[in-house]
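Let's take a walk through a protein model and stop at a few of its residues. Keep the picture open as you read.

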Amino acid sequence: MVLSTESRLQLTPDLSICRILNGMWQVSGAHGQINPKAAIQGMFQYMDAGFTTWDLADHYGPAEDFIGEFRNQLIATRGKEALANLQALTKWVPRPRKMTKKLVEENINIALRRMNVESLDLMQFHWWEYEDKNYLDALKYMTELQTEGKIKHLALTNFDTKHLQIIIHAGIKIVSNQVQFSLVDRRPEVAMVQFCQQHDIKLFSYGAVCGGFLSETYLGKPEPRNVDLATASLRKYKNMIDAWGGWRLFQELLSTLKEIADKYGVTITNVALRYILDKPAVGGVIVGARLGVSEHIENNAKVFNFSLDQEDCDRIDHISQQSRDLYQIIGDCGDEYRR
Ligand SMILES: NC(=O)c1ccc[n+]([C@@H]2O[C@H](COP(=O)([O-])OP(=O)(O)OC[C@H]3O[C@@H](n4cnc5c(N)ncnc54)[C@H](OP(=O)(O)O)[C@@H]3O)[C@@H](O)[C@H]2O)c1
């Protein structure tokens, strides 16, 4: 199976990605035990199906090492040319403090070494505390490392619109911002989407399947208790569903999605992903991959084979209108990490 060309996005002139990115938080240990050998085997399956782009971070357990090992195995089994078809987008999530060139470079070097690359495809920077302005220095030094060839493109994760604006006005070129964006969490639509459109910045959306809640598995099911939820991801998004409008409204959303899904012969998950992918400024959706434990490759490929019509979107929006305003409750993108 190889995905249609519609699955690709030319993010920059030198970086083409798959619009469904494989999320590697799921190998961190917080989503069940991962067997490294089975995980790397699984990475071949994704790549061969056309899901060639990985989203990872310095703190996702062995994720960066898995990319390094995957690259080694690709070279050994398929030759160096095979690497051209692999994109690995990592993150650096430092503790806020004074940022020196030495400190920034040391951390970028760690990612380069772990991932076994000479240059990072995309570095997505996270910052915990806006009162600490050292994030601007960190980005300035990363821009220098970009000029020196250690980073191909600079990006952010969980930055709000106000601080994204400060960074852009400081003259730093940002390619993308990774934020939570789903049928449950539509906060990016308040300000972020418009700003990104104006400045040619793409959004990468996580949480678009709410850890698996946006699927047939939870349709018509009683509300789960926290202890029933096996992954950190499910626990994270159950909190979001509670804040958004609760289980009863969520069931209404699932029923509506199911009716739309049946119309196209696809699944609830497919509809949830298609809806977010079609939003302006969205470059891609990140779907967590519990490598070697579970996979939804064949099903997720269907996202690129159908489109939603206006009536479908109106029906979904009608449910959203009944939910609480998460922008009022939580704040702009990423504010959940800063309280
Ligand atoms: N920047 C940040 O702060 C941040 C935060 C969170 C996540 N992320 C990124 O986003 C990625 C995704 O993480 P997430 O927590 O948002 O998880 P998610 O993608 O919402 O959920 C992943 C889970 O959804 C289920 N799933 C996927 N496709 C499915 C399908 N077609 N049908 C039914 N179920 C399906 C699978 O569950 P089963 O395995 O149980 O089958 C999978 O483990 C992370 O790995 C990470 O890369 C970034």
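## A first stop: Thr-269

Start at Thr-269, which is found in helix H9, residues 268–277. (Helices, H or I runs of at least four residues, and strands, E runs of at least two, are DSSP runs numbered from the N terminus.) Thr-269 counts as buried because its relative accessibility is 12%. Here, buried means under 20% relative accessible area, exposed means over 50%, and partly exposed is in between, using a 1.4 Å probe and protein chains only.

What does Thr-269 touch, leaving out residues up to four places away in sequence? The list is Val-209, Leu-214, Ser-215, Glu-216, Asn-299 and Asn-300. Contact means heavy atoms within 4.5 Å.

## Ground rules

This is a predicted model, in which local features need pLDDT of at least 70 and side-chain atom pairs count only at pLDDT 80 or more, while totals for chains, interfaces and linings use all residues. Residues are numbered from 1 along each chain as its sequence is written, and side-chain values use heavy atoms, with hydrogens and water left out.

## Around the ligand

Now look for the ligand. Which of the 29 residues around the ligand come nearest? They are Gln-26, Asp-55, Ser-233, Tyr-237 and Ser-294. (A residue is near a molecule or strand if one of its heavy atoms lies within 4 Å of it.) Helix H7 (232–244), strand E10 (282–288) and helix H10 (297–301) each supply at least two residues of this shell, and E10 gives the most, with three residues.

In the side chain of Ser-294, an N or O atom is 2.6 Å from a ligand oxygen. For Tyr-337, a polar side-chain atom lies 3.0 Å from an oxygen atom of the ligand. Met-24 uses its backbone instead: an N or O atom there lies 3.1 Å from a ligand oxygen. On its own the ligand has 910 Å² of accessible area, and the protein covers 90% of that. (Accessible areas come from the Shrake-Rupley method with a 1.4 Å probe; for residues, only the protein chains shown count as cover.)

A polar contact is a pair of N or O atoms within 3.5 Å; within protein, one must be able to donate a hydrogen and the other to accept it, and residues adjacent in sequence count only if both atoms are side-chain atoms.

## Arg-187, a buried arginine

Arg-187 sits in the loop between strand E8 (176–180) and helix H6 (192–198). Is Arg-187 buried or exposed? It counts as buried, because its relative accessibility is 3%.

The side chain of Arg-187 makes a polar contact of 3.0 Å with the side chain of Glu-336. A polar atom of the Arg-187 side chain also lies 3.3 Å from the backbone oxygen of Gly-331. Beyond four places in sequence, Arg-187 touches a list of residues including Gln-180, Met-240, Tyr-327 and Asp-335.

## Rings together

The structure holds 19 aromatic pairs. One of them is Trp-244 with Phe-250, an edge-to-face pair with 6.3 Å centre to centre and 85 degrees between the planes. Both of these residues, Trp-244 and Phe-250, are buried. (Rings of Phe, Tyr and Trp, the last by its six-membered ring, pair if their centres lie within 6.5 Å; planes under 30 degrees apart count as stacked, over 60 as edge-to-face and the rest as tilted.)

Trp-92, Phe-125, Trp-127, Tyr-130, Tyr-135 and Phe-159 form one aromatic cluster. The charged end of Arg-338 sits over the ring of Phe-159, 5.8 Å from its centre. (That label needs NZ of Lys or CZ of Arg within 6 Å of the ring centre and within 35 degrees of the ring normal.)

Most residues other than glycine have a negative phi. Asn-116, not a glycine, has a positive phi of about 60 degrees. Its place is the loop between helix H3 (101–115) and strand E6 (122–125). Asn-116 counts as partly exposed because its relative accessibility is 32%.

Asn-158 also has a positive phi, near 60 degrees. Asn-158 lies in the loop between strand E7 (154–157) and H5, and it counts as buried, at 4% relative accessibility.
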